[in-house]
Structures are given as structure tokens and as C-alpha cells.
Amino acid sequence: MPPPVPAVPEPEDIPLAIVYEDDDLVVVDKPPGMVVHPAPGHFTGTLVNALLHHCPSLSGIGGVARPGIVHRLDQDTSGLIVVAKTQRAMDALARAFASHDKVEKTYLAVCHGRPRLDSGRIESMIGRHPVDRKRMAVVEKGGKLAVTNWRVAKFMPETNISLVECRIETGRTHQIRVHMASLGCPVIGDSVYGRRALDKRLGPVPARQMLHAWRLSLSHPADGRRMDFESPLPVDMLAYLPG
């Protein structure tokens, strides 16, 4: 029998890079490798465990298992994430993120190759892959609308690597990773949708997918004021962007 796991996430003294905090919310710059909330295989060491230690009053807000969590980032995606500290903030932010009303999320992705155009907009349906159910894919039926606006911010012809800015209008699972792969420019280090053979030729060989939640803009849930945050690119992504 596997050992029992806690029914309620427990506080853990884990350092957090806090970008902003007030009585209603906290914005964290999540490092790569950190899981956002407890899930099978990851019941400790998550962002939620760290937040419960930093802010004990967070417990139970928006649910027991994922207190304060309004939106998520993949484990190996770094960058900005906002967490609600009160039920009022949780309700307001959840509505805003669900409708994408006055919420803007922009990511930076380091990708293999270069898209045919300098910028574009992808509108597609994303759902479970018809064969591999652990993957997502662009599908014709049974998916949900996913919209990504992308722009090539920089191209390194000597390595055939692009830095792509992606502003998403929806928040589907693996959306940017799926959409960049559909352009023929998968995110470097993406073990699910990427090109491992090309990854192994890079120096350094990527230890995770090179995707970063770069900018986050939203309206404050209490007074409606506009808030804009930006997180610098991590060192491991900068290694592929000389100059």
C-alpha cells in the first residue's frame, strides 16, 4: 500500500519570489520545477504549500485542495502567477480570468526554427490527442477554442532559434506548447511536443521547456485599478539568446 497523503495541503517553509502583495492578492514569480498545487506524485513542495506558510489565512479560500489558486502554470514553466488572499478577491479574479475581462497574459518562448511569418494569430480547437490521451492536440471535434497571438521578438540564424512572444486570449492546457508545435517551431526542451533530437544538440541541453510567463496585467479585485507586472527571463532561457 502506498503511504497516506495529507487530505489538506500543509504549510511548508519554502522561499518565494514575491513580486507584489497586499491584503487581497499576492503575485509570485514561480521558478521552473515547482508544481502549483498538490496532485498525484506531488503532494509536497508545491506553490500552495509555500503560500500556506507565508499566508496562513489562505487556507480554504476557493477550496481546500487549491486555496487561492486562480490560474495555473505548468510545472516546468516559470514566471508570474497571481493568488487570491480573500474569498472576495478569489471570486472576482476567477470571473476575470474565466472571461478574460481586462486580463492579459503574455509569455516568452524559446523555440526551434522560425515561423514563416513574423507574427500571427492562431485560433483553433484544443482537446485530448485522439491516440495519446496524456497529450493535447489541435482537433476538429470535442475541443475548446484556444487563441494565441504570437510575434517573433528575436531570431538567431546561427542556431536557428527564435524568441517568440505569445499573448493568449484563452487558457487551455498546454496551449502555447501545442500552438508553437503546430507552427513547426516547438518550444525548446518540451518533452511532450518538442524535438528531443534537436534539444540534445544544443549547448546547454535544456533541462526543461523554455517557456516563461513574462507579463501579467489585471484589474485589482477590490478597487479596479490597473496592475501590470513583468518578470525578467530566467538565466537558463537567456543562455540561448546571445546579445
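Start by selecting strand 1 and strand 2: a hairpin of three residues connects them. Helices (DSSP runs of H or I, at least four residues) and strands (E, at least two) are numbered from the N terminus. You are looking at a predicted model, where local features need pLDDT of at least 70 and side-chain atom pairs count only at pLDDT 80 or more, while totals for chains, interfaces and linings use all residues. Residues are numbered from 1 along each chain as its sequence is written, and side-chain values use heavy atoms, with hydrogens and water left out.

**Stop 1: strand 2 and its partners**

Strand 1 (residues 18-21) and strand 2 (residues 25-30) run antiparallel and are joined by three bridges; two strands pair if DSSP finds at least two bridges between them. Click on Glu-21, then on Val-26, its bridge partner in strand 2. Now stay on Val-26 and look for Val-83, its bridge partner in strand 3. Strand 3 (residues 78-84) is antiparallel to strand 2, with six bridges between the two.

Is strand 2 covered on one face or on both? Color Leu-25, Val-27 and Asp-29 for one side, and Val-26, Val-28 and Lys-30 for the other: both sides are buried. Buried here is under 20% relative accessible area, exposed is over 50%, and partly exposed is in between (1.4 Å probe, protein chains only). Because six of the six residues in strand 2 are buried, the rest of the structure largely encloses this strand. In a regular strand, side chains alternate between the two faces of the sheet.

**Stop 2: an aromatic pair**

Which two residues form the tilted aromatic pair? Select Tyr-20 and Phe-229, whose rings lie 5.7 Å centre to centre with 45° between the planes. (Ring centres must lie within 6.5 Å; planes under 30 degrees apart are stacked, over 60 edge-to-face, the rest tilted.) The structure holds one such pair. Phe-229 is buried, at 11% relative accessible area, whereas Tyr-20 is partly exposed at 22%.

**Stop 3: the end of strand 9**

Next, pick Ser-219 in strand 9 (residues 211-219). Beyond its neighbours within four places in sequence, Ser-219 touches Leu-93, Lys-102, Gly-224, Arg-225 and Arg-226, with contact set at heavy atoms within 4.5 Å. Draw a C-alpha to C-alpha distance from Ser-219 to Leu-93: it reads 8.5 Å, although 126 residues separate them in sequence.

**Stop 4: a cavity**

Select His-71, Leu-80, Lys-105, Thr-106, Tyr-107, Ala-213, Arg-215 and Leu-216 to see the lining of the largest cavity. Its volume is about 40 Å³, and a search of the whole structure finds one cavity of 30 Å³ or more. Strand 4 and strand 9 are the elements that each give two or more residues to this lining. On a 1 Å grid over protein atoms alone, a 1.4 Å probe fits in a cavity but cannot get out; a pocket is open, with protein on both sides within 12 Å along at least five of seven lines, and lining residues have an atom within 4 Å of a point.

**Stop 5: the largest pocket**

Finish with the largest pocket, of about 1400 Å³. Among its 48 lining residues, the closest to the centre are Arg-72, Asp-74, Arg-172, Thr-173 and His-174. Then show helix 2 (87-99), strand 4 (104-112), strand 5 (119-128) and helix 3 (175-182), each of which supplies at least two lining residues. Helix 2 gives the largest share, four residues.

Definitions and conventions
Grid points are joined across faces, edges and corners, and a volume is the space filled by probe spheres set on the points. Rings of Phe, Tyr and Trp (its six-membered ring) pair if their centres lie within 6.5 Å; planes under 30 degrees apart count as stacked, over 60 as edge-to-face and the rest as tilted.
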